[in-house]
Amino acid sequence: MRPLAAASLVALAISLGACQDSTFGGGGSTRHLTPIPQKTLALMQTKGMSQGDPILIRAYKREAEMEVWKRGSSGQYALLKTFPICRWSGQLGPKTKQGDRQAPEGFYTITPGQMNPNSSYYLSFDTGYPNAFDRANGRTGNYIMVHGTCSSAGCFAMTDESMAEIYAIAREAFAGGQRGFQFQSYPFRMTAQNFAKFRNDPNAPFWKNLKEGSDHFEALKEEPRVGLCGNRYVFGGADAAAGSCSPKVDTLVAEKRERDNREIAELVGKGTAATRVVYDDGGQNPVFRQQQPSAFASLTHAEEALPYAPKDYARHNLGEVSRPETLAAGPREIEVDAKGRPLMTASIEAPIPTKAAAAALARKDERKGNRREEPSLVAQAAPATPAAATAPEAAKPAAPARIAVADADGDMSAYQKAFGNLFNKGNPTPATPAADAATVPAAAAVAAPEPSKTARTAPVAKTAHAVPAAQSRKEPAKPARAETRPDAKAESRPETRTEAKVPAKAPEKTAAKN
């Protein structure tokens, strides 16, 4: 009974894993023995590599790419091949707990024992999450894989063809004597441009820590030794592996960091906006969006720029794609403030009221049976009679499109519907121009079409603008008095007064009193 109980416990543990992969033993499949494709072997020869040379793998979520590097006779690593990732789930940022659908970010070691030839997802290897860093930060979860079949619940999913090739390359590296290869997982490529853009993301401090290891590899083309100091990664040589909190930094690495920091500062100084990227549930490399080879007929430039041919991957069998509906919207970039909270961009035209304010104003106008209007810029130059000005407009319906706010920029509730709980709803809602009481008169001006197109973008006209035109019919204007006449008194009545209700002589009487 003991072996049966042990097998049941293993099956239960696997079922709770993110990708619910099968056990790491038994089975009669031979797919794990698939040889490295001839085309890839030829590529190795041109780059001075052999099948048994050590490898290192790097993954990037935002770009949805996975790179396989090989160490040549020089002792340095060189890029062998880049594979498009068919599916990853969650958001940019590390995995923190079981069931969060997050693919991990960090530095992991893959040993032969983590390779699974009998995976229910064609072939796979376990990333080794959680590692010592993850455990030190209280992160939970298990069985986070790189596997075939385009379905992810926290894993990196490749096509079966890509996974077979990656598995074969790793298998031959182990056969050549490599005890374990390093798997580096990043949210995006560690460039100065990306760090300038994502500088206010809540994960920015963690990503800066990852960049230290990335800088070491990119500057020296050597696998960084990874250590742990408290709850931070440390990178370097033997001293880092021994756990030193201040490992020696190579001169080339230090120079690269300094160059990147200067470039980040310059980009920020030039006005690069701080942003966050939001996904419905992870992403997918664009080469898998269209499965017909003919769809790539117009992508000849893209194929030349990419390290892989889209037409090749368009023919791959994706299997069952997980949550395809979440891929439709794609990633959305939003600007954030210094605390990582989203910014609301005000309209460059007249302020737009909120839905509630607009509805209240519309009901008020319906009860009164009238429609408020403001003098247009054209009316200031050549005033028309009230009857002539209002008669055509009375037959036209209101323009609700200018009042109803359906976009996230104008309506915070719509923003929250779009992004759900991705941001802290406990934070106070940032004030928008629509919430300011000063925008209510402008809302009334937008409620009905104006005779002139210019009038829609014009601010509320003051009575002082119409006075000189009225005075010119009876008596010369009095500049000294007109300039000292308080406008606030005239501006306090635009909601209730309409051109149809004011007698034609009203402006002259007002001028006489002033």
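Two strands are said to pair if DSSP finds at least two bridges between them. Strands (E, at least two residues) and helices (H or I, at least four) are themselves DSSP runs, numbered from the N terminus. With those terms in hand, I turn to the structure above.

Please keep in mind that this is a predicted model, in which local features need pLDDT of at least 70 and side-chain atom pairs count only at pLDDT 80 or more, while totals for chains, interfaces and linings use all residues. Residues are numbered from 1 along each chain as its sequence is written, and side-chain values use heavy atoms, with hydrogens and water left out.

I begin with the sheet. Strands of a sheet pair through backbone hydrogen bonds, either parallel or antiparallel. Here, 5 strands make up an open sheet with mixed pairing, and their order is 4-9-8-7-6. Strand 4 (87-88) and strand 6 (115-116) each have a single partner strand, so these two are the edges, and one side of each has no neighbour in the sheet. Which way do strand 6 and strand 7 run relative to one another, parallel or antiparallel? They run antiparallel, and 2 bridges join strand 6 to strand 7, which covers residues 124-126. Across this pairing, Met-115 stands opposite Phe-125 of strand 7.

Next, the disulfides. A disulfide is counted when two cysteine sulfur atoms are within 2.5 Å, and by this rule there are 2 disulfides. One of them joins Cys-86 to Cys-150, with an S to S distance of 2.2 Å. The torsion about its S-S bond is about -105°, so this disulfide is left-handed. Cys-86 sits in the loop between strand 3 (77-84) and strand 4, and Cys-150 in the loop between strand 8 (145-147) and strand 9 (156-157); the pair therefore ties together parts that are 64 residues apart in sequence. To describe accessibility, I shall call a residue buried under 20% relative accessible area, exposed over 50%, and partly exposed in between, using a 1.4 Å probe and protein chains only. Both Cys-86 and Cys-150 are buried.

A disulfide also joins Cys-229 to Cys-245, with S to S at 1.8 Å. Its torsion is about 95°, so it is right-handed. Cys-229 belongs to strand 11 (residues 225-229) and Cys-245 to the loop between helix 7 (238-241) and helix 8 (251-269), so parts 16 residues apart in sequence are tied together. Cys-245 is partly exposed, at a relative accessible area of 48%.

I now come to two residues named in a record. Which residues does UniProt list for "active site"? The unreviewed entry lists His-147 and Cys-155. UniProt positions are given in the numbering used here, feature names are shortened, and annotations may be inferred rather than shown by experiment.

His-147 is part of strand 8, whereas Cys-155 is in the loop between strand 8 and strand 9. At 0% relative accessibility, His-147 is buried; Cys-155, at 0%, is buried as well. Contact here means heavy atoms within 4.5 Å. Leaving aside neighbours within four places in sequence, His-147 has contacts that include Cys-19, Tyr-121, Cys-155 and Met-163.

My last topic is charge pairing. A salt bridge is a side-chain nitrogen of Lys or Arg within 4 Å of a carboxyl oxygen of Asp or Glu, and the structure holds 24 of them. In one, Asp-215 pairs with Lys-256, the closest N and O atoms being 3.1 Å apart. This pair links distant parts of the chain, since Asp-215 is in helix 6 (residues 204-220) and Lys-256 in helix 8, 41 residues apart. Asp-215 is buried at 2% relative accessibility, and Lys-256 is buried at 10%.

Lys-256 also forms a salt bridge with Asp-260, where the closest N and O atoms are 2.6 Å apart. Both lie in helix 8, 4 residues apart, or about one turn of the helix. Asp-260 is buried, at 10% relative accessibility.

Also in helix 8, Arg-262 and Glu-258 are 4 residues apart, about one helical turn. Arg-262 is partly exposed at 44%, and Glu-258 is partly exposed at 47%. Finally, salt bridges that share partners join Arg-58, Lys-211, Asp-215, Glu-218, Lys-256, Arg-257 and Asp-260 into one network.
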